[in-house]
Amino acid sequence: MGRFGLDRTGSTSYREYLRSQAWGYRRVRWFEQCRQAGVEPACQVCQVRLDEAGTLDLHHLSYEGVHQDPQTGAWQAREKHEELMPLCREHHQRLHEIMDGRKEFFGWNRARASVVIVARMIRQRRRKAAVTS
């Protein structure tokens with residue numbers, strides 16, 4: 001997806017999508033699907049659960065399911081379940097700071113960059129916990 005995919009989160013149209021009814025419904029469906037499968041959604045970094053936090057962000061690993069009708073301007077939210085990753089707000093913001101702010105990830109596929117960054121954040125968290133124990 002290249003650089004465009006990494007900075008798309010800052011675009012006006014993407015912010016509009018996040019405020020759309022289509023995204024709101026998709027978020028609700030995603031969390032419902034997890035619970036129907038017997039899984040309580042949790043941040044992939046710190047494991048805080050949705051029922052504890054009250055809310056979690058969903059990070060897009062891909063935008064392939066996001067479309068805007070050129071005629072009506074209406075958004076379509078057809079992200080696959082596995083293209084969304086639950087994160088607490090703190091870790092979601094940190095992920096974007098790293099992904100959007102480091103040249104290391106420019107040109108990377110968004111999903112690959114996201115997974116690498118989350119893995120690094122998990123390792124850092126574990127190291128910090130080991131030092132304080």
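A charge is taken to sit over a ring if NZ of Lys or CZ of Arg is within 6 Å of the ring centre and within 35 degrees of the ring normal. Arg112 lies over the face of Trp108 in this way, at 3.9 Å from the ring centre. The structure is a predicted model, in which local features need pLDDT of at least 70 and side-chain atom pairs count only at pLDDT 80 or more, while totals for chains, interfaces and linings use all residues. Residues are numbered from 1 along each chain as its sequence is written, and side-chain values use heavy atoms, with hydrogens and water left out.

Now to the aromatic residues. Rings of Phe, Tyr and Trp (its six-membered ring) pair if their centres lie within 6.5 Å; planes under 30 degrees apart count as stacked, over 60 as edge-to-face and the rest as tilted. The count by this rule is six aromatic pairs. One of them is the tilted pair of Tyr14 and Tyr17, with 6.0 Å centre to centre and 40° between the planes. Because Tyr14 and Tyr17 are three residues apart in helix 2 (residues 12-18), about one helical turn separates them. Helices (H or I, at least four residues) and strands (E, at least two) are DSSP runs, numbered from the N terminus. Tyr17 has a relative accessible area of 0% and is buried, where buried means under 20% relative accessible area, exposed over 50%, and partly exposed in between (1.4 Å probe, protein chains only). Tyr17 also forms a tilted pair with Trp75, at 5.1 Å centre to centre and 55° between the planes. This pair links distant parts of the chain, with Tyr17 in helix 2 and Trp75 in strand 3 (residues 75-77), 58 residues apart.
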